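Please read the points below with the sequence and the model open beside them. They are meant for someone who has not looked at this structure before.

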Amino acid sequence: MIEHEKVKKVLYGGDYNPEQWPEEIWEEDMRLFALAGIDVVTLNVFSWAALQKDEVTYDFSKLDKIMEFVKKNGIKVCLATSTAAHPAWMARKYPDILRTDNMGIKRKFGARHNSCPNSPTYRKYSVALADKLSRRYKDYDNIVSWHISNEYGGECYCENCEKAFRVWLRKKYGTIEELNRVWNTSFWGHTFYDWEDVVLPDLRSEEFSWDGVQRTNFQGISLDYKRFNSDSILDCFKLERDAVKKNTPNIPVTTNLMGCYQPLDYQKWGKEMDFVSWDSYPEFGSDYSYNAMCHDVMRGLKQGKTFALMEQTPSVSNWHAYCALKRPGVMRLLSYQAMAHGGDTVMFFQMRRSIGACEKYHGAVIDHVGTEHTRVFKEISALGKELKDLGDKTLGGRTPAKAAIVFDWDNWWAAGLSAGPSNAIDYLGEVHQYYRTLLNMHISVDMIGVEDSLSDYKLVIAPMLYMCKDGFDEKVRSFVKEGGTFVTTYFSGYVEDHDLVITGGYPGRLRDILGIWVEESDALPLEKTGAEHAFHYENEIYPAEILCDLLHLEGAESLGEYEDDFYAGMPAVTVNAFGKGKAYYVATRSSEEFYGNLFDRIVKEQGIEPVVTGDFETCIEATVRENEKGSFLFLLNHGDGVDSVTLKQGGTDLLSGWEYEAGTMVSLEAKGVALIQLKDK
């Protein structure tokens, strides 16, 4: 939630670039914004070149005019620092600012996110601009947040980064001997004698491409470089954040994240942001559960606090392979999906459609025709009215979840870097598989990190916990002993924090909790998975895919065994009684039907109730948010036809005004939404 005294409803608006248009257009924009219910705009995202002509010359005259104009028209501002694209003169005079790719090729001026995060030039001038902006506009009471840079991303492999990497390593490991130990440099004679011996792991050194997949000879080195790159870019954010905080301490600060974006460890970023915001661009035809999961990952970065939907397209993207239109009702549906998972803003890119460059065909509130007479504008205006009528009812609402899924960037990186056992290893896909199962069961889920507490949950799932970090096994051990249920999968418990194998048998530190020993793991070619390998569970046969762990019971009970190959009869699904709780292990990847049946058993054991009653195959998504004003049930029909669920509590639909009693079946038309304020139990 954007905590500001002037925020009293779900903010509605988005990215606005009046500097691209003559001033007579601005007046028309304000008329159209009023019609649509727009009350907030993000300004100054890519204006660095206009604001700073050389090292010492700044020109804020146009931005001054824009800031005064939107204030006069009663529009709130999310003010950006403009540092996502450096000016051309800076690249010409200070080439250290330009990124170098992983082939060692230094880029030229162009595109965006083209600044080296460890460039002294970039850090000097980006922080100076943030300081000047915040001093200049500190007295504007319509600024409700600072927006640092924009969609941080990318990697750099230049000499500045190499030097900074050595400093980062020295701070992390202390001695060259410890560095050699954690990277296991006795392998292939890679022992380092001095910090200067350390070079970047790019395609000139440790990394290589094999069958179209980028690989590395030393996972520990490449893993640490991913950590270093994320930390380096985060440092850039923190430097600008501190600059604006110095001048405007009461204005919250954010930057727009990008959901499940692999290069940056957002769990570290969440700690440094006043509130989380992100840009949601699901591809046409994609599973709605993936976008829901991304929302919940963002919510989890602040341990369940609400977030801002900073960007979505009103109608169409310009960068997907096939830029299909959002069908009627989908913009509204996805806006409420964001709110259902913790969003306290609904914002768009872009407010007026640009006429040139790569985003001129990206959707906008105001299209090239420039009028209110478009399908998209009419839908946006209707939603604007609904959000105005809702007021502050859902603001700050949290999700009352008793189930959590562990999502960890280090695991994502390390599993992807692993040299074997299969190119089909897909950490994000595995997490999504489990998330989708619970979403389809209408079970509320928190997406948590390994540092978060487990004490609020009855069920914790850690899919593909390849890296079991120091102390996390103790956290799981205590959780299960005290009555919790823990679930993990194949390719778990193999390594510790530095990607060194934990000897003594897989799944390493989790072995006693799970009551099993994994002796081997069979990688299945994609063309064979599910066709030639299977296992049985509760008298049904299910496909076995990706990997098949060959495991032995050490106190656990087998719930299902493999049907084929030389390991037919070996356990494929196990459960171990441990203290007051249970630990489940799924030794392969399988079908949605299997996960549905498995978790039907588990949630019943733990007494975890779905928020509504409905078929597993329904296209209706159901979530609850709670605040001091009450409990709010969001029902979202992502299907192409009428679908229904049954309420467990009665309530009033705040969108339609209809009253419902407990046990009522609610039917929603395709892309329909209900937002029901529940009656007290």
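The numbered points below go through selected helices, a pocket and some single residues.

1. Basis. The model is predicted, so local features need pLDDT of at least 70 and side-chain atom pairs count only at pLDDT 80 or more, while totals for chains, interfaces and linings use all residues. Residues are numbered from 1 along each chain as its sequence is written, and side-chain values use heavy atoms, with hydrogens and water left out.

2. Helix α3. Helices (H or I, at least four residues) and strands (E, at least two) are DSSP runs, numbered from the N terminus. Helix α3 covers residues 61-72, 12 residues in all, and spans 17 Å from its first C-alpha to its last. That is close to the 16 Å expected at 1.5 Å a residue, where the expected span is 1.5 Å times one less than the number of residues. Just after α3, Gly74 has a positive phi of about 70°.

3. The buried side of α3. Buried means under 20% relative accessible area, exposed over 50%, and partly exposed in between (1.4 Å probe, protein chains only). In α3 the buried residues are Leu63, Ile66, Met67, Phe69 and Val70. They cover an arc of only 165° around the axis, which puts them on the same side of α3; the arc is that of the directions from the helix axis to the C-beta atoms. An α-helix has 3.6 residues a turn, so residues three or four places apart point the same way. The buried residues of α3 pack against α1 (23-36), β2 (40-43), α2, β3 (76-80), α5 (120-136) and β4 (143-147), with contact meaning heavy atoms within 4.5 Å.

4. Helix α11. Of the 11 residues of α11 (residues 330-340), 10 are buried, so this helix is largely enclosed by the rest of the structure. Among the buried ones are Val330, Met331, Tyr336 and Gln337. Just after α11, Gly342 takes a positive phi of about 120°.

5. The largest pocket. A pocket is an open set of points on a 1 Å grid over the protein atoms alone, where a 1.4 Å probe fits, with protein on both sides within 12 Å along at least five of seven lines; lining residues have an atom within 4 Å of a point. The largest pocket is lined by 47 residues, and Phe46, Arg112, Asn150, Glu151 and Glu359 lie nearest its centre. The elements giving two or more residues to this lining are α2 (48-51), β9 (277-279) and α10 (288-300).

6. Ser149 is not a glycine, yet has a positive phi of about 50°. Ser149 sits in the loop between β4 and α6 and is buried, at a relative accessible area of 2%. His442, also not a glycine, has a positive phi of about 65°. The loop between α14 and β13 (445-448) holds His442, which is buried at 1% relative accessibility.

7. Cis peptide bonds. One joins Phe349 and Gln350, with omega about 15°; Gln350 is in the loop between β11 (343-348) and α12 (375-390). Another joins Gly420 and Pro421, with omega about 5°. Pro421 belongs to the loop between α13 (409-417) and α14 (427-440).

8. Val167. Is Val167 buried or exposed? Val167 is exposed, with a relative accessible area of 57%, and lies in helix α6 (residues 159-173). Val167 and Trp195 are 28 residues apart in sequence and 8.7 Å apart in space, C-alpha to C-alpha.
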